[in-house]
Protein chains: 2
Amino acid sequence: MTPFKLTDELLAEIEQLIETQKGPELEYLLGDVHYADIAEIINELNEDEATYLIKLLDSDKTSDVLTELDEDVREAILNNLSSKEIAEELEELDTDDAADIVAELPEEIIQEVISEIEDREHAQDIVDLLRYDENSAGGLMAKELVKVNENWNVLTCVKEMRAQAENVTRVHSIYVVDDEDVLKGRLSLKDLLTTSTTAQIRDVYIPKVDSVNVNEDPEEVAKIMSKYDLEAIPVVDEMGRLVGRITIDDIVDVIKEEADKDYQLAAGISQVVEADDSIWELTRARLPWLFLGLLGGVGAAAIMGGFEEMISKHAILFFFTPLIAAMAGNVGVQSSAIIVQGLANDDLKGSVSNRLFKEMLLALLNGLILAAILLLFTWFWKGDFYTALAISASLVAVIIVAGIIGTFTPLFLNQRGIDPAIATGPFITTSNDIFGILIYFWIAKIILGI
Amino acid sequence: MTPFKLTDELLAEIEQLIETQKGPELEYLLGDVHYADIAEIINELNEDEATYLIKLLDSDKTSDVLTELDEDVREAILNNLSSKEIAEELEELDTDDAADIVAELPEEIIQEVISEIEDREHAQDIVDLLRYDENSAGGLMAKELVKVNENWNVLTCVKEMRAQAENVTRVHSIYVVDDEDVLKGRLSLKDLLTTSTTAQIRDVYIPKVDSVNVNEDPEEVAKIMSKYDLEAIPVVDEMGRLVGRITIDDIVDVIKEEADKDYQLAAGISQVVEADDSIWELTRARLPWLFLGLLGGVGAAAIMGGFEEMISKHAILFFFTPLIAAMAGNVGVQSSAIIVQGLANDDLKGSVSNRLFKEMLLALLNGLILAAILLLFTWFWKGDFYTALAISASLVAVIIVAGIIGTFTPLFLNQRGIDPAIATGPFITTSNDIFGILIYFWIAKIILGI
């Protein structure tokens, strides 16, 4: 398949059709377009056009479109819909997606919207889900699942299942519970079909089933599901009762968001933003880290001011300060990135002191190679071996310290329960700039005997 | 569930049991442990211990363990197994996992291993898969799928399906093909069960089915599957013939690897490495970027050497070079990271000139705020308003240029078909260091009238 590509021509055509209120033509044009693609189109329209299109199309399609829209676009559209219209959209959605939308509605209309949902069981499930912290397994799960009681026989089970499966897009597994709704195990569809209809479920189910607690961190759920290659996992409450189910498509989103967040933190962007966000939003995300960099630079300048007496005889030392700062920053970011990733992927083994020792060796090796090149260059440039030696020797020391800081900081933050990803990027760069320049001048001063 | 945690005690116990050849105790101890967790254990054992354990346990478990091991550990173990033993492991695996392992074997034993596989159809599927580029949909797909001919009736279909489903862990969809094996559509299990057994498949199947070409880039497949929330997608060849199927668990791995790679590139690490890799591997991945940083630093030093005559009257200008370099680097990394992510997520809209204009405005805003702070600080520190002004004004110019370079470079690389992620990290930092310092001294020189 060729993925859908939103062209300027198509967008212009759609806008034209909306302006001239050509409803049937629009329905025909968008009939075969996937809801994720329609969401892409609507993200580009203005509020009135977007609302017109949502009201025009069937709610079994537009409900899915709503879940895929940019948050601000969705908010604007929902503002233009009546409580009844919103309720109709929610009716078509799985409970987890519906609850996410309800959570974004203004407080004062939530009750009215909920009361307009005709399927009362669906409404109750949505309200149940509103209780859970967004950042937990409970906030991620849906109520749609297929469950059977261990005390039923296979025949009852098949009948009940058929009714339940109506509301569940993908069955994956049939969960077995006891009279208290406590999760006991699972059943495969295959087993169910090959067993006598009078057999008791308690005699045929598989008692081993992975599950997560409602309070579990979504990242942890993602790790479990991807490590064990699960396509769905049941969620249980504090009493072990089956309360919901998380499917792999939600986990794919968690993994992508997490990766985006870590990447942006490493690049010095403090909250998840997109290229198309407003200049104010982008400034708010970027300025804090730049300000940190400014502080680091001012600190470095103050340190250099303290060594001002060296400037007349050894101006060249000052020419290499950007190099020292850059190397300290780069080494620090490299070391911390490897640790942050190791922590995220749970594949960091051995003790902290072993790790620091290894990083020291690595920094020493890299430092010596780079210092040798720098020594030759500076010696030939200025013809002064001792100055060249001072600069190169300091570089080795700076690289070692930078590597240690880069390794230690994320490990320390992690132990304190702070996301180690904030240690990469500007944080490490800035502290390493200051330490680097201090060490550099200090060692140079000793070697040059000033 | 509490995720499995490999403790030092457990590892010591296992090593002890292996040393004393307590086979039955080991089988009992590891009986309920998931294969992904056994792989974690084996990664920590030495070669002999690992081989002992693999030979001890059943091949229906060890085959899955093999797919989860670190590459070097797997290589060492396979070296100790006979061709027949390897063939037995491959027999248990899905074709995609089996082909991945065969591709890692030494050339000279591949033929022998393949000849030892008893299931000849399975062997042929594995050999077929070896033909595809690792970095394509073909390299990712498995041969296991359920397909039916459009000319069959429902009864034949159900019979055939049962036989095929034996080898397929998760069915997801039933694909419909014509006599030439060309993919025509799909069937839902539900439809199949509610239709008369004499109905022709061609009258009941859904003719709309998403598919990807064997040559498609895995990243593109990941985008399609996650955008459209697909759990499996069929793969077709140049003639539209159904040749395989990709499932979401493989795509989760692609997404994670891609994110890891981008993150490491942004941190200046040129190939995917882990914290536990050897010092040589880590050096090979890190040194090239550090060398680039060294070149940038030498370039900056050379530029400063060219402005040496300013040092006697305006030494303070030289104190702020690390600050200028750091700010140029940070702004460049921020801008490029946002573009790289926008490109990766396909949510970058509008023209390049609009984007550069927006980035200029953003840089101007950030630059003015930071420059105002710096101006006050420098003015109070040295009491010289003109020098303070020169430094602050240059900072604004440097930030704007850094933002433009950071925005333009990944867009340019992407247009040239080069992975824009290499533009972040040391690449942008280094070029921005040099440009930044050049602009800084140049503007300072104009303002101070030297």
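These legends go with a set of close-up views of a predicted model.

Being a predicted model, local features here need pLDDT of at least 70 and side-chain atom pairs count only at pLDDT 80 or more, while totals for chains, interfaces and linings use all residues. Residues are numbered from 1 along each chain as its sequence is written, chains are lettered from A and ligands numbered from 1 in the order in which they are written, and side-chain values use heavy atoms, with hydrogens and water left out.

**View 1. Domains and annotated stretches of chain A.**
Chain A is split into domain 1 (8-131), domain 2 (146-255) and domain 3 (279-448); these bounds come from an automatic or database domain assignment. Between the C-alpha centres of domain 1 of chain A and domain 3 of chain A there are 51 Å. UniProt, in an unreviewed entry, puts "domain: CBS" on residues 141-204 and 205-261 of chain A. Its positions are given in the numbering used here, its feature names are shortened, and its annotations may be inferred rather than shown by experiment. In the model, residues 205-261 of chain A are 42% helix and 23% strand, with end C-alpha atoms 41 Å apart. Helices (H or I, at least four residues) and strands (E, at least two) are DSSP runs, numbered from the N terminus.

**View 2. The annotated transmembrane regions of chain A.**
The unreviewed UniProt entry marks residues 287-304, 316-340, 360-381, 388-409 and 421-443 of chain A as "transmembrane region". Take two of them: residues 360-381 of chain A come out as 100% helix and 0% strand, and 30 Å separate the end C-alpha atoms. Residues 388-409 of chain A are also 100% helix and 0% strand, with 31 Å between the end C-alpha atoms.

**View 3. Helices α19 and α21 of chain B.**
Helix α19 (residues 321-344) of chain B packs against helix α21 (residues 385-415) of chain B at about 30°, the axes being 8 Å apart. Axes are lines fitted to C-alpha atoms, for helices over the stretch in contact, and angles run from 0 to 180 degrees between N-to-C directions. The α19(B) and α21(B) crossing is right-handed. A crossing is left-handed if the near helix is turned anticlockwise from the far one by less than a right angle, and right-handed if clockwise. Residues making the contact include Gly332(B), Ser335(B) and Ser336(B) from α19(B), and Ala402(B), Gly403(B) and Gly406(B) from α21(B). Contact means heavy atoms within 4.5 Å.

**View 4. Helices α15 and α16 of chain A.**
Here the axes of helix α15 (residues 218-227) of chain A and helix α16 (residues 248-266) of chain A come within 9 Å and cross at roughly 115°. This α15(A) and α16(A) crossing is left-handed. On the α15(A) side you'll find Pro218(A), Glu219(A), Val221(A), Ala222(A) and Met225(A), and they meet Ile248(A), Ile251(A), Val254(A), Ile255(A) and Glu258(A) in α16(A).

**View 5. Two loop residues of chain A with positive phi.**
Most residues other than glycine have a negative phi. Gln21(A), not a glycine, has a positive phi of about 55°. Gln21(A) sits in the loop between α1 (8-19) and α2 (23-30) of chain A, and is exposed at 54% relative accessible area. Buried means under 20% relative accessible area, exposed over 50%, and partly exposed in between (1.4 Å probe, protein chains only). Asp181(A), not a glycine either, has a positive phi of about 75°. Asp181(A) belongs to the loop between β2 (174-177) and β3 (183-187) of chain A and is partly exposed at 25% relative accessibility.

Glu92(B) is in helix α7 (residues 83-92) of chain B and is partly exposed, at 42% relative accessible area. Setting aside neighbours within four places in sequence, Glu92(B) is in contact with Ser59(B), Asp60(B) and Ser63(B). Ile434(B) is in helix α22 (residues 426-448) of chain B and is partly exposed, with 29% relative accessible area. With neighbours within four places in sequence left out, Ile434(B) is in contact with Gly296(B), Gly299(B), Ala300(B) and Ile303(B).

**View 6. Cys157 in chains A and B.**
Cys157(A) is buried at 0% relative accessible area, and Cys157(B) is buried at 0% relative accessibility. Over all chains, the structure holds zero disulfides, a disulfide being a pair of cysteine sulfur atoms within 2.5 Å.
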